[in-house]
Amino acid sequence: EEYTEVGRDMEESERAAKYLQDAGYDMLNCDNGTYDAWYWAHPPAYMPQNYADLLPLDQTPVDFLTRSGSRDEISDIRTFLGSVKYTPEEMEHQISDLSGGQKAKLLFIHMIRSGANVLLLDEPTRNFSPLSGPVIRSILRRFDGAIICVSHDRKLIGEVAGRVCMLTPQGMQPVGLDELLS
């Protein structure tokens, strides 16, 4: 298991570290800046509930996801977008014209393609259509890194989570999947 410290300020980071430590995660004990160098080379990707502000609304989905502009890259992006139910027309619309669900899927794809090895997801499936759910869960199951997710979506939790913790007044408490899903 890997651990990364997340927070906007030291107090939030310490609180997150304590919750994860209480849940049984080992803390990195790096010195000489090793942790900082690792963190900045592999920053976590974050999907907040209000993600629309993170998207360049004047670009198309293909433009937003393109790095090199090569024909192969654009083909791969179109294939990925198609796999999450984007139509060819939606791939060319400005992001501002897309539905909330399409914007969510776009940010989700951007996160997966970013190279991050930690995904921080806050209610990630709340804007996805029922048709997109199985595809999103499949992508998350195949993700090689760690996923820290806040969700009430029992299907997502049951199909993707390897370990579940519940935030209680005493901090993060491990919860069995069977107990949670019953």
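1. Helices (DSSP runs of H or I, at least four residues) and strands (E, at least two) are numbered here from the N terminus. With that in hand, the protein reads α-α-β-α-α-α-α-β-α-β-α-β-β-α from the N terminus on. It has nine helices and five strands.

2. Some ground rules before going further. This is a predicted model, where local features need pLDDT of at least 70, side-chain atom pairs count only at pLDDT 80 or more, and totals for chains, interfaces and linings use all residues. Residues are numbered from 1 along each chain as its sequence is written, and side-chain values use heavy atoms, with hydrogens and water left out.

3. Now the overall picture. Of the protein's 182 residues, 36% count as buried; buried means under 20% relative accessible area, exposed over 50%, and partly exposed in between, with a 1.4 Å probe and protein chains only. The accessible surface comes to about 10900 Å², and carbon and sulfur atoms hold 50% of that (Shrake-Rupley method, 1.4 Å probe; for residues, only the protein chains shown count as cover). Take contacts (heavy atoms within 4.5 Å) between residues at least 6 apart in sequence: 61% of them join residues at least 24 apart.

4. Have a look at strand S2, residues 118-122. Four of its five residues are buried, which leaves the strand mostly covered. S2 pairs with strand S1 (residues 45-47) through three bridges, and the two run parallel; strands count as paired if DSSP finds at least two bridges between them. If you want a spot to start from, Tyr 46 has Leu 120 of S2 as its bridge partner.

5. S2 also has strand S3 (residues 146-150) as a partner: five bridges join them, again in parallel. Here Leu 119 is bridged to Ile 147 of S3. To get from S2 to S3, the chain passes through helix H7 (residues 133-142), making a right-handed β-α-β crossover. Right-handed means that, with the strands pointing away from the viewer, the path from the first strand over the helix to the second runs clockwise.

6. Which loop holds Glu 123? Glu 123 is in the one between S2 and H7. Glu 123 is not a glycine, yet its phi is positive, near 50 degrees. Glu 123 counts as buried because its relative accessibility is 14%.

7. Lys 85 is worth a look too, with a positive phi near 75 degrees in a residue other than glycine. You'll find Lys 85 in the loop between helix H4 (71-83) and helix H5 (88-92). Its relative accessibility is 43%, so Lys 85 counts as partly exposed.
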